[in-house]
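Welcome, and thank you for coming along on this tour. Please open your viewer, and we will go from one selection to the next.

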Amino acid sequence: MTPRVAVVGTGVVGAMTAWRLAHRGAAVSAFDTYSPGHDRGASAGESRIFRTAYKEGGEYVPLLRRAERLWRELERGTATDLLTMCGGLTLGPAEHPDVAAVRRCAEEHGLDHEVLTAAESNARFPQHRLDDGEIAVLDPAAGVLRPEPAVQAALRAAESAGARLLPYHRVDAVEPTASGWRISCGDAVFDVDHVVFAPGPWARALEPLRDLPVEVRQITACWFAARDVAAHRPDRLPIAIRRHHEAGFSCFPALDGVGIKIVPHHLGFPVLDDPAGLPRTVDSEFARAASAAAARLLPGVVPHPVRIGTFAEGFTPDEHAVLGPLPGSAAATVMTGFSGHGFKLAPVFGEIGADLVLHGTTEHDISRLDPNRFR
Ligand SMILES: Cc1cc2nc3c(=O)[nH]c(=O)nc-3n(C[C@H](O)[C@H](O)[C@H](O)COP(=O)(O)OP(=O)(O)OC[C@H]3O[C@@H](n4cnc5c(N)ncnc54)[C@H](O)[C@@H]3O)c2cc1C
């Protein structure tokens, strides 16, 4: 019998799960409060980093390799460019934990990589200023993703495979029935066999997920105009993770013809009560501090942001996702809390979601993401 599956939330994770489920023959209904590719949650803002030498842990490397293959499959199936492999730099003091972890991951997994001195990096990538004694680790299996087209491509692929898309349908309640689940959106109800919860930072607003330790945090991105835009495009500028004693940020090459984007990590990711309360702007103190980091470390940009965007993301206490069967509930899968690094992995997370719905298990190692670890 064809399983009827509801996917609640079609940010990148829900969209990919809907695609992989529909592709494998499930009858999918995919709900979202907003429009595909919207900017209220975690899956928007022009660019996302893909990298393989993973500071968050070597156990992600097989997942990242599979994700890259699925990104390519989605690109082929939808005739859309989503991932540009421009390489990735991790820049900073050799002893910084993130720099050391990237290097260790590359060495332990036999990944291609280069280690450059500050002088070598400054000559080859003058867009970043390194201080004496700092190093650059170059991961060639890294690149930049386009989030809004990616969400839309995954949903298009899901729909082509038979999924029913329901944008502008906020799920108000998900309740167990004798044989599955009842989904309520206003007056409309939908009965399904299995539910996949992919609500991003809205997790705790859904009753069955209320006890998960997923905190809503605000992540802010700043765009700076480049003096020479051509030098900051992906064919000349890799993505970067910058660590420095004065600042730390992720850095994305120019996709829009204006300049580069940074996400300043050292300025923090404030906790919000609810994604609905996401401020759509920042105070001038934040802009001044981001400008100071750009002036110090990015010599090719005008160090005053031309654009600022703020987004909501769900974070867990250990900053690894919650992905697996929902504790205590039959026929429900939860996928949330991607803690600022879920985008690149979304296609493989979607494949895992489909495995769990259709077979109750997956061959991918997701032990680190077990929802039971917080109980
Ligand atoms: C600024 C920023 C930069 C980032 N940089 C990177 C990066 O470089 N690389 C990387 O890999 N990751 C990065 N991340 C993390 C990554 O983008 C997220 O982990 C990922 O997008 C999470 O996707 P999601 O589908 O879980 O959440 P979301 O995209 O927030 O999607 C959840 C969806 O569920 C819907 N929803 C919620 N509740 C309901 C309901 N009751 N009914 C119906 N719909 C509902 C919402 O409307 C939303 O569309 C970054 C995140 C941010 C915010």
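This is a predicted model: local features need pLDDT of at least 70, side-chain atom pairs count only at pLDDT 80 or more; totals for chains, interfaces and linings use all residues.

**Stop 1**

Now select the residues around the ligand. There are 34 of them, and the closest are Asp32, His38, Ser43, Glu313 and Lys344; a residue counts as near if one of its heavy atoms lies within 4 Å of the molecule. Colour this shell by class and you get 17 nonpolar, 12 polar and 5 charged residues. In this scheme Ala, Val, Leu, Ile, Met, Phe, Trp, Tyr, Cys and Pro count as nonpolar, Asp, Glu, Lys and Arg as charged, and the others, Gly among them, as polar.

Next, pick out the backbone of Gly11 and Val12. A polar backbone atom of Gly11 is 3.5 Å from an oxygen atom of the ligand, and for Val12 the corresponding distance is 3.3 Å.

Which elements each supply at least two residues of the shell? Helix H1 (12–23), S3 and strand S19 (307–315) do. Helices (H or I, at least four residues) and strands (E, at least two) are DSSP runs, numbered from the N terminus.

Then colour domain 1 (4–48 + 147–213 + 318–374) and domain 2 (88–140 + 215–315): the ligand lies between them, because both give residues to its shell. The domain bounds come from an automatic or database domain assignment.

**Stop 2: salt bridges**

How many salt bridges does the structure hold? There are 23, each being a side-chain nitrogen of Lys or Arg within 4 Å of a carboxyl oxygen of Asp or Glu.

Select Glu59 and Arg368, whose side chains meet in a salt bridge (2.1 Å, N to O). This pair links distant parts of the chain, 309 residues apart: Glu59 sits in the loop between strand S3 (48–50) and helix H2 (61–78), and Arg368 in the segment after helix H7 (346–359). Glu59 is partly exposed at 33% relative accessible area, and Arg368 is partly exposed at 36%. The cut-offs are under 20% for buried, over 50% for exposed, and partly exposed in between (1.4 Å probe, protein chains only).

Move on to Glu351 and Arg66, a salt bridge with its closest N and O atoms 2.6 Å apart. Here too distant parts of the chain are linked: Glu351 is in helix H7 and Arg66 in helix H2, 285 residues apart. Is Glu351 buried or exposed? Glu351 is buried, with a relative accessible area of 10%, while Arg66 is partly exposed at 21%.

Two further selections follow. Asp191 and Arg182 form a salt bridge with their closest N and O atoms 2.8 Å apart, and Asp39, Arg40 and Arg280 are linked in a network of salt bridges.

**Stop 3: backbone turns to inspect**

Most residues other than glycine have a negative phi. Glu46, in contrast, has a positive phi near 80 degrees. Find Glu46 in the loop between strand S2 (27–31) and S3. Glu46 is buried, with a relative accessible area of 16%, and its side chain makes a polar contact with the side chain of Trp223 (3.0 Å). A polar contact is a pair of N or O atoms within 3.5 Å; within protein, one must be able to donate a hydrogen and the other to accept it, and residues adjacent in sequence count only if both atoms are side-chain atoms.

Finish at Glu319, where phi is positive and near 60 degrees. Glu319 lies in the loop between S19 and strand S20 (322–325) and is partly exposed, at 42% relative accessible area.

Key:
Residues are numbered from 1 along each chain as its sequence is written. Side-chain values use heavy atoms; hydrogens and water are left out.
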